[in-house]
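Me: Got a structure I'd like to go through. Can you take some quick questions on it?

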Amino acid sequence: MSFEFLPFAPGPDLEPILDGTFFARGRIPYRSDKILPTGLIPVLFTLGAPHRMGKSVDPALNEEFAHSWLEGLQTTPTFNTPTDGTHVIGLLFEPVGLHALFGVDMRTLRDRTVDARSVLPARFIAGIEAVYPEASTEAGHAQLRQLIAEWPRSPLPGWLWRLYREIKQTRGDIDLAGWYAEAGVGARAIVERFKRAVGVPPKRFCRIHRMLALLEAVDPREAGRGRRRCVTQLGWRPGPPVGPATDFRPGARPASLPPPRWHPPTTDRRWLR
């Protein structure tokens with residue numbers, strides 16, 4: 001079976017809340033899909049067989065989700081293993097958007113994957129389930145967008161929206177100290193409020209987006225050389241070629257894997273801490 005992936009844009013009215021929705025069906029040509037941090041909050045509902053999600057390269061050690069799953073903001077890779085092919089409908093929330101819609105303290109979800117029903121209201125879940133028959137159509141995803149657009153939002157500080165947008169627009173290349181000084185709000189207050197709305201401090205969110213910008217610049221034909229260049233630009237000294245099982249944070253590798261073969265960074269040792 002070929003793999004079908006249908007993305008749907010969120011529309012300008014949902015730009016700060018939702019990055020998009022999608023429908024996916026088929027089989028991936030490998031056992032597990034390794035997902036690097038995206039800076040988003042994926043919420044997926046299974047229309048077919050369960051998936052195993054978690055931080056281990058061994059699917060047996062990860063949790064099985066038969067109805068749905070929600071990934072908090074991830075700072076290390078996650079592994080997705082379909083038990084019998086993929087058949088899902090998904091929503092990609094902005095972290096600050098999920099916080100505004102449902103009042104979730106995003107710190108409690110960081111680097112976790114949970115059943116979506118444990119976080120989202122039952123009425124919202126029912127609205128998603130009502131779209132299942134039209135999960136692959138534009139009409140179905142228009143219903144999803146309408147459901148989100150009509151859901152009440154909690155007011156958030158204007159500076160929080162501005163800081164979040166600027167980090168995304170600049171791909172993390174922002175002078176945070178200067179921004180704090182001009183915001184008229186104490187730096188500590190900004191960091192703590194941002195963590196509640198996003199899940200990580202502004203500095204770490206910037207690093208995630210700098211990593212994404214580097215990875216997007218890699219030519220797929222370069223394979224390991226491109227990944228190696230990314231790691232070097234993130235502060236790691238040159239070492240052996242970087243393979244697909246490499247994590248970008250010291251100590252993040254599963255215990256079942258051998259220790260990393262590259263040298264520790266010489267400058268910023270905490271790029272995702």
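What follows is a short exchange on the chain as a whole, then on one pair of helices.

Me: What kind of model is it, experimental or predicted?
Reply: This is a predicted model.

Me: How many helices and strands in the chain?
Reply: The chain has eight helices and ten strands.

Me: And what share of the residues is buried?
Reply: Of the 273 residues in the chain, 48% are buried. As for contacts with a separation of 6 or more, 70% are between residues 24 or more positions apart.

Me: Switching to α7. What span should the helix have, and what does the model give?
Reply: Helix α7 covers residues 202–216, which is 15 residues. At 1.5 Å a residue the helix should span 21 Å, and the end C-alpha atoms are 21 Å apart, so the two agree.

Me: Which α7 residues are buried?
Reply: P202, R204, F205, C206, R207, I208, H209, M211, L212 and L214.

Me: How is α4 placed against α7, roughly parallel or roughly antiparallel?
Reply: The axes of α4 (residues 158–169) and α7 come within 9 Å and cross at roughly 30°. Angles under 35 degrees count as roughly parallel, so α4 is roughly parallel to α7.

Me: Left-handed or right-handed crossing?
Reply: Right-handed, as α4 passes α7.

Me: Which residues meet there?
Reply: From α4, L163, Y164, I167 and K168; from α7, P202, F205, C206 and H209. By type, the residues of this contact are six nonpolar, one polar and one charged. On the α7 side, P202, F205, C206 and H209 are also among the buried residues of that helix.

Technical notes:
Residues numbered from 1 in each chain as written. Predicted model: local features only at pLDDT ≥ 70, side-chain atom pairs only at ≥ 80, totals over all residues. Heavy atoms only, no water. Helix = DSSP H or I, 4+ residues; strand = E, 2+ residues; numbered from the N terminus. Expected span 1.5 Å × (residues − 1). Buried < 20%, exposed > 50% of the residue type's maximum accessible area, 1.4 Å probe, protein only. Axes fitted to C-alpha atoms, helices over the stretch in contact; angles between N-to-C directions. Parallel < 35°, antiparallel > 145°, perpendicular 65-115°, else oblique. Left-handed = near helix turned anticlockwise from the far one by under 90°. Contact = heavy atoms within 4.5 Å. Nonpolar A, V, L, I, M, F, W, Y, C, P; charged D, E, K, R; others polar.
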